[in-house]
Amino acid sequence: MRMPGFDPVCPRHDIHFDGSEQALSECEIFLREHLFYDAATLTQRIENRFHRITLVNKGKTERLTIDLDLQFNNLVTGRQMMLDNVVIIELKRDGLVDSPVLALLRQLRIKKSGFSKYCIGTAFTYPELPQNRFKPRRCKIRKLQAGQLNTDNGGADGD
């Protein structure tokens with residue numbers, strides 16, 4: 001397990017876990033040191049699967065990931081959901097570097113929007129949870145799936 005530059009306050013760093021007994025032991029030690037609760041209380045609730053395409057420019061100043069064929073399996077409710085016709089694009093770049101991808105997305109009127117696969121998967125597969133917070137996003141996803149978003153406004157349907 002590698003945790004280069006890990007900051008538990010800002011956990012936007014990769015942790016690589018190879019599944020070996022030694023890595024498992026290191027992981028348990030790491031969790032005990034950084035969690036404010038017992039890691040044994042954590043249980044699996046939802047699985048997500050998707051295909052990912054990753055593109056990196058030659059200067060390595062930006063990375064584009066495209067996630068498609070998103071599928072969710074709720075291990076508590078047994079419900080499953082597949083997000084057809086939905087693609088998640090994430091662009092990461094060095095702050096002030098010009099980005100041809102960002103320019104293209106703007107030209108296509110594709111707007112920035114937050115998206116958590118865990119939250120969306122849970123909202124779609126665990127309807128007993130309060131849904132108000134997710135209603136606009138769920139509505140937009142359903143429109144995308146049905147091909148009903150107005151491309152003249154880049155999908156800006158009031159969300």
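**Close-up views of a predicted model**

Lys-117 is buried, and Asp-67 is buried as well; buried means under 20% relative accessible area, exposed over 50% and partly exposed in between (1.4 Å probe, protein chains only). This is a predicted model, in which local features need pLDDT of at least 70, side-chain atom pairs count only at pLDDT 80 or more, and totals for chains, interfaces and linings use all residues. Residues are numbered from 1 along each chain as its sequence is written, and side-chain values use heavy atoms, with hydrogens and water left out.

**View 1. A salt bridge joins Lys-117 and Asp-67.** The N to O distance is 3.0 Å; a salt bridge is a side-chain nitrogen of Lys or Arg within 4 Å of a carboxyl oxygen of Asp or Glu. Lys-117 is in helix H3 and Asp-67 in strand E2, 50 residues apart. Helices (H or I, at least four residues) and strands (E, at least two) are DSSP runs, numbered from the N terminus. Arg-52 belongs with Asp-67 and Lys-117 to a network of salt bridges.

**View 2. Arg-79 forms a salt bridge with Glu-128.** Their closest N and O atoms are 3.4 Å apart. Arg-79 is partly exposed because its relative accessible area is 34%, whereas Glu-128, at 53%, is exposed.

**View 3. Lys-92 and Glu-90 form a salt bridge.** The closest N and O atoms of this pair are 3.6 Å apart. Lys-92 has a relative accessible area of 38% and so is partly exposed; Glu-90, at 34%, is also partly exposed.

**View 4. The largest nonpolar core has twelve residues, including Phe-72, Met-81 and Phe-134.** A nonpolar core is a set of buried Ala, Val, Leu, Ile, Met, Phe, Trp, Tyr and Cys residues joined through side-chain atoms within 4.5 Å. Strand E2 (62-74), strand E3 (80-83) and helix H3 (117-125) each give two or more residues to this core. H3 supplies the largest share, three residues.

**View 5. Helix H3 is mostly covered.** Seven of its nine residues are buried, among them Gly-121, Thr-122 and Phe-124. The buried residues of H3 pack against E1, E2, E3 and helix H4 (135-146), where contact means heavy atoms within 4.5 Å.

**View 6. Tyr-37 lies in the loop between helix H1 (21-34) and strand E1 (46-56).** Tyr-37 is partly exposed because its relative accessibility is 48%.
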